[in-house]
Amino acid sequence: MSDSLKIAIIGDYNFTYNSHHATNLSLDHASDFLEIEINYYWIKINEAIQYKPIYFDQFDGIWLAPGPFQNPFFLNGIFKLLLEHKSPVLVTGEAFKTLIEFLIAINQLNPYSEKLISENLVAGNSFER
């Protein structure tokens with residue numbers, strides 16, 4: 001195994017979101033714990049969709065970061081690209097629901113268009129005590 005990893009983080013990085021800080025901190029923690037160098041690069045989703053699949057060959061893995069996203073429209077294109085690429089991929093946050101809906105649609109698993117995934121029962125982005 002190599003002594004370093006190169007990870008592409010696809011998401012619209014915003015320093016004001018705790019989830020984005022947590023993403024960076026988790027990779028830093030893994031780097032310290034495993035005693036390997038982890039280099040990670042944030043790529044905006046509207047930029048990632050424009051790259052050819054060969055661009056992602058330089059990375060050891062791809063992380064689809066938690067949202068929010070500036071334009072979630074691009075997520076379906078990202079999913080298509082990642083499914084064709086065959087790299088290890090980690091999908092976190094609200095993108096996971098969109099991935100499930102994408103897989104259901106492309107595999108035609110819901111021919112009668114029933115509601116398969118319920119909406120979050122909590123209003124807003126956080127729980128209250």
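Modeller: Buried here means under 20% relative accessible area, exposed over 50%, and partly exposed in between, with a 1.4 Å probe and protein chains only. The model is predicted: local features need pLDDT of at least 70, side-chain atom pairs count only at pLDDT 80 or more, and totals for chains, interfaces and linings use all residues. Residues are numbered from 1 along each chain as its sequence is written, and side-chain values use heavy atoms, without hydrogens and water.

Colleague: Which pattern does the chain follow along the sequence?

Modeller: Helices (H or I, at least four residues) and strands (E, at least two) are DSSP runs, numbered from the N terminus. Read along the sequence, the pattern is β-α-β-α-β-α-β-α.

Colleague: Which residues of helix H3 are buried?

Modeller: Helix H3 spans residues 75-85. Its buried residues are Leu75, Ile78, Phe79, Leu81, Leu82 and His85.

Colleague: Within what arc do the buried residues of H3 fall, seen down its axis?

Modeller: The arc is taken from the directions between the helix axis and the C-beta atoms. The buried residues of H3 line one face of the helix, because they fall within an arc of 165 degrees.

Colleague: Which residue forms a salt bridge with Glu84?

Modeller: A salt bridge requires a side-chain nitrogen of Lys or Arg within 4 Å of a carboxyl oxygen of Asp or Glu. With the closest N and O atoms 3.9 Å apart, the partner is Lys80.
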